[in-house]
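Subject: Structure handover

Hello,

Here is the structure I said I would pass on. Please open it next to this message and follow along as you read.

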Amino acid sequence: MRINRVEIKNFRNIKEARLRFSSGFNFIAGLNAQGKTNLLEALYLFSLCRSFRTKKREEMVALGAPFFFLRIKVESDSGVEFVLEIGVERGGRTRVKVNGEKVRGLSSILGLVPGVIFTPRDIGMVSGPPGERRTFIDYTASQISEGFLENLKEYRHVLRQRNSQIKEAAVGKCNFKIMRALDRILVEKAEDLVEGRKRVLEEIREKAADMFRHVFTGDGDLEMEYISSIKSGSGKYSELFLSSIEKMRNEEIRRGYTLKGPHCDDIGISIGKLDLRKYGSQGRKRLVAIVMKMAQASVITEKRGETPVVLLDDLFSELDDCVSARVKEFLSERYQNFITSPVEIGTQNRKGVGNFTIHKGVITRQ
Ligand SMILES: Nc1ncnc2c1ncn2[C@@H]1O[C@H](COP(=O)(O)OP(=O)(O)O)[C@@H](O)[C@H]1O
Ligand SMILES: [Mg+2]
């Protein structure tokens, strides 16, 4: 997939822009607070169908403007072109169009433009709390399977219902018939969720380990494993989960929420058997986070049969030159890339490379 053109109106500090992108690298250089991340946010909105920075859509509307508008012209790997439009009014009203035809809401374009983004915060995937690793796996799985996303939403829904039953129980108002019914739905959804996660983690693990070894000639093997909060044993996951729920019933009522399940699981990441989160250097963690994102891009390509667009925000300012060169080499052969940087890094006038500068929201192609 590639984005050939973009038109922007009133998106954060970008008042107006019409740009034509290159099929390989697009380097976007600009000092701090000029709008580099804003541009990536606008492009990635078409992939994620929400902002990667804020939950409030209207925050993206330029101050003082009544709406923002984005239009991109994309081309699939097989050469099919289409146009997507997103308009958001202050107040949140959103209009989305595909080839000029209105569609219902942002989520109806989910999956049309596969994308992978890397921001400096992504190191949290390795060093942060388990939720960041779960999000990574869930996002990857959602990009390749609609069924996974549906099941994930349903799991979250029953989890919320169950948690409110537990809270009722604490004040003696729980209907245990309902509670038991919710337990059964929860463990079924949980089983599918964990299976789906394990499947996609296995794909990521294999690709990431291979990349770590061959692209970065890493010392020691990179390993990843799913850490379930439900102890494994003989029998189906759903049965094990159900019996652990029975055992935890009183404690759950005392503490007021569901204590175990996929929403508590984690992914262990190690190099040469050493837990990266505990023993890894900052540089090593950053490298593994990048490798995981590149593995994500490969998995999406393989499973979807379409290459994702790759967006890298301020990545190379944090990596040493040797690693940067390898990352760029790896990406250049495969994807359309958008790379922001505080300094100009790509001013080679090669075919397939676009150089842009951004100053106070005004973007100029060099
Ligand atoms: N809704 C908005 N309207 C106008 N300007 C905004 C809005 N949101 C953020 N900005 C401005 O955008 C700039 C930050 O842009 P950003 O893309 O994060 O910069 P950087 O180039 O460092 O990545 C700041 O100057 C900020 O004031
Ligand atoms: Mg930025």
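**The three-stranded sheet**

Three strands form an open sheet in the order β9-β10-β11, with antiparallel pairing. Its edge strands are β9 (222–227) and β11 (274–275), each of which pairs on one side only. Between β9 and strand β10 (residues 266–271) there are six bridges, in the antiparallel sense. To find your place, look for E223, which stands opposite S270 in β10. Strands of a sheet pair through backbone hydrogen bonds, either parallel or antiparallel.

Before you go further, please keep in mind that this is a predicted model.

**Domains and core**

The domain assignment gives the protein chain domain 1 (2–114 + 309–365) and domain 2 (126–276). Taken over C-alpha atoms, the centres of domain 1 and domain 2 are 32 Å apart.

The largest nonpolar core has 92 residues. Those with the most contacts inside this core are L43, A208, V288, V291, M292 and L311. The element that gives the most to the core is helix α5 (residues 176–214), with 12 residues. In soluble globular proteins, nonpolar side chains tend to be buried together.

Not counting residues up to four places away in sequence, L43 touches I3, V6, L311 and F338.

Helix α5 also holds E195. E195 counts as partly exposed because it has 13 C-beta neighbours inside 10 Å.

**Parallel strands**

Is strand β3 (residues 25–29) largely enclosed or largely open? Five of its five residues are buried, so β3 is largely enclosed by the rest of the structure. From β3, F25, F27 and A29 point one way, while N26 and I28 point the other way.

β3 has two parallel pairings to look at. Five bridges join β3 to strand β13 (residues 337–341), and I339 in β13 is the bridge partner of F27. Five bridges also link β3 with strand β14 (residues 353–359), where F356 is the bridge partner of I28.

Another parallel pair is made by strand β8 (residues 115–118) and strand β12 (residues 309–312), over four bridges. Within this pair, G115 stands opposite V309 in β12. The residues of β8 are all buried, with G115 and I117 pointing one way and V116 and F118 the other way.

**Loops**

C49 is found in the loop between α1 (36–48) and β4 (67–75), and C49 counts as partly exposed because it has 18 C-beta neighbours inside 10 Å. K360 is in the loop between β14 and β15 (362–365). With 12 other C-beta atoms within 10 Å, K360 is exposed.

Another loop residue is E306, between α8 (282–304) and β12. E306 has 16 C-beta neighbours inside 10 Å and therefore counts as partly exposed. Which residues is E306 in contact with, leaving aside its neighbours within four places in sequence? They are M1, S76, D77, P114 and T301. The C-alpha atoms of E306 and S78 are separated by 8.6 Å, although the two residues are 228 residues apart along the chain.

**The ligand**

Ligand 1 is surrounded by 14 residues, and the closest are R12, N13, K36, T37 and N38. By class, the shell around ligand 1 has four nonpolar, seven polar and three charged residues.

Regards

Key
Residues are numbered from 1 along each chain as its sequence is written. Chains are lettered from A and ligands numbered from 1 in the order in which they are written. This is a predicted model: local features need pLDDT of at least 70, side-chain atom pairs count only at pLDDT 80 or more; totals for chains, interfaces and linings use all residues. A nonpolar core is a set of buried Ala, Val, Leu, Ile, Met, Phe, Trp, Tyr and Cys residues joined through C-beta atoms within 7 Å. A residue is buried if 20 or more other C-beta atoms lie within 10 Å of its own, exposed if 12 or fewer, and partly exposed in between; C-beta atoms are placed from the backbone. Two residues are in contact if their C-beta atoms, placed from the backbone, lie within 7 Å. Domain bounds come from an automatic or database domain assignment. A residue is near a molecule or strand if its C-beta atom, placed from the backbone, lies within 6 Å of it. Ala, Val, Leu, Ile, Met, Phe, Trp, Tyr, Cys and Pro count as nonpolar, Asp, Glu, Lys and Arg as charged, and the others, Gly among them, as polar. Two strands pair if DSSP finds at least two bridges between them.
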